[in-house]
Amino acid sequence: MELGLLSMRRGELARFLFRPKYAYGTLGCPPLIPPNATVLFEIELLDFLDSAESDKFCALSAEQQDQFPLQKVLKVATTEREFGNYLFRQNRFYHAKVRYKRALLLLRRRAAPLNEQHLVEAAKLLVLLNLSFAYLKLDRPIMALHYGEQALLIDQKNAKALFRCGQACLLMTEYQKARDFLVRAQKEQPFNHDINNELKKLASYYRDYVDKEKEMCHRMFAPYGNGSTVGEN
């Protein structure tokens, strides 16, 4: 099957007939496939990512990479980001983060003329948003906030960046900062289900926090049996 896939083009539909030796052999695959069965696979190749070109480019020195046109750099950075997205969907967040960082390094390293700078900034924004999300999944809210704020330097009204920063601050129990970011995100997308739910979660967490603070203060200053309070002579 691997050899067959390598022979296919994007969007192609192919049928592969495998003798038992190259399929499930004498054991089969109960209950669907009996022993010694010849198997027909129908495969449609929807899309694929080719890492060879990207890996080769990333192995070059910065000086060598600078010899290539900007479109080449953008293409490689996009491939790295798409690989990161593929790994992210598999819940391989650490490896996704590595791919995103490779893409960001390429984009930060390359200087672009003024008339093409917006292309680099748009590519950076996507990578920064993905990095922020990956660090949230890795339970590293400080880094998630860092990359979220970097995204806001490019687009201060980006709802996703504001949302990621709000999530990171909530994880760090910085409730006022979380509220500020989430309210700004809600202003950009008032009917966004995720943003509104995060604001509800924040309100719930903050109520619990206040209740615990009140309980702690009550215990600190609760009267002893003789009527005195803590700290009194």
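**Figure 1. Contacts and overall make-up of the chain.** Of the contacts in the chain with a separation of 6 or more, 53% are accounted for by residues 24 or more positions apart; contact means heavy atoms within 4.5 Å. The structure is a predicted model, in which local features need pLDDT of at least 70 and side-chain atom pairs count only at pLDDT 80 or more, whereas totals for chains, interfaces and linings use all residues. Residues are numbered from 1 along each chain as its sequence is written, and side-chain values use heavy atoms, with hydrogens and water left out. The chain contains ten helices and two strands, where helices (H or I, at least four residues) and strands (E, at least two) are DSSP runs numbered from the N terminus. Along the sequence these elements follow the pattern α-β-β-α-α-α-α-α-α-α-α-α. The chain has 233 residues, of which 36% are buried; buried means under 20% relative accessible area, exposed over 50%, and partly exposed in between (1.4 Å probe, protein chains only). The accessible surface of the chain is about 15600 Å², and carbon and sulfur atoms hold 55% of this surface. Accessible areas come from the Shrake-Rupley method with a 1.4 Å probe, and for residues only the protein chains shown count as cover.

**Figure 2. The loop between strand 1 and strand 2.** Strand 1 spans 13-18 and strand 2 spans 39-44, and the loop between them holds Thr26. Pro31 lies in this loop as well, and a cis peptide bond, with omega about 0°, joins Pro30 and Pro31. With a relative accessible area of 60%, Thr26 is exposed. When residues up to four places away in sequence are not counted, Thr26 touches Pro35 and Asn36. The C-alpha atoms of Thr26 and Ala37 are 8.1 Å apart in space, while the two residues are eleven residues apart in sequence.

**Figure 3. The packing of helix 4 against helix 5.** Two packed helices are described by the angle between their axes and the distance between the axes. Helix 4 (residues 70-89) packs with helix 5 (residues 93-109) at an angle of about 165°, and their axes are 8 Å apart. Axes are lines fitted to C-alpha atoms, for helices over the stretch in contact, and angles run from 0 to 180 degrees between N-to-C directions. Helix 4 and helix 5 are therefore roughly antiparallel to each other; angles under 35 degrees count as roughly parallel, over 145 as roughly antiparallel, 65 to 115 as roughly perpendicular and the rest as oblique. The crossing of these two helices is left-handed, a term used if the near helix is turned anticlockwise from the far one by less than a right angle, with right-handed used if clockwise. Residues of helix 4 in the contact include Val73, Leu74, Phe83 and Phe88, and those of helix 5 include Phe93, Tyr100, Leu106 and Leu107. By class, this contact of helix 4 with helix 5 has 13 nonpolar, three polar and four charged residues. Ala, Val, Leu, Ile, Met, Phe, Trp, Tyr, Cys and Pro count as nonpolar, Asp, Glu, Lys and Arg as charged, and the others, Gly among them, as polar.

**Figure 4. Helix 4 beside helix 6.** The axes of helix 4 and helix 6 come within 11 Å and cross at roughly 20°. The two helices are therefore roughly parallel to each other, and their crossing is left-handed. Among the residues making the contact are Leu70, Gln71 and Arg81 of helix 4, together with Leu119, Phe133 and Lys137 of helix 6. The contact of helix 4 with helix 6 divides into ten nonpolar, three polar and two charged residues.

Figure 5. Asp139 lies in the loop between helix 6 (117-137) and helix 7. Phi of Asp139 is near 60°, a positive value in a residue other than glycine, and Asp139 counts as exposed at 57% relative accessibility. Helix 7 (residues 141-154) and helix 8 (residues 159-171) have axes that come within 8 Å and cross at roughly 155°. These helices are therefore roughly antiparallel to each other, and helix 7 passes helix 8 in a left-handed crossing. Pro141, Leu145 and Glu149 are among the contact residues of helix 7, and Cys165 and Cys169 among those of helix 8. The contact of helix 7 with helix 8 has eleven nonpolar, one polar and one charged residues.

**Figure 6. Thr173 and Asp180.** Thr173 is found in the loop between helix 8 and helix 9 (175-188), and its phi is near 60°, a positive value in a residue other than glycine. Asp180 is found in helix 9 and counts as partly exposed at 38% relative accessibility. Asp180 and Gly166 are 14 residues apart in sequence, with their C-alpha atoms 7.6 Å apart in space.
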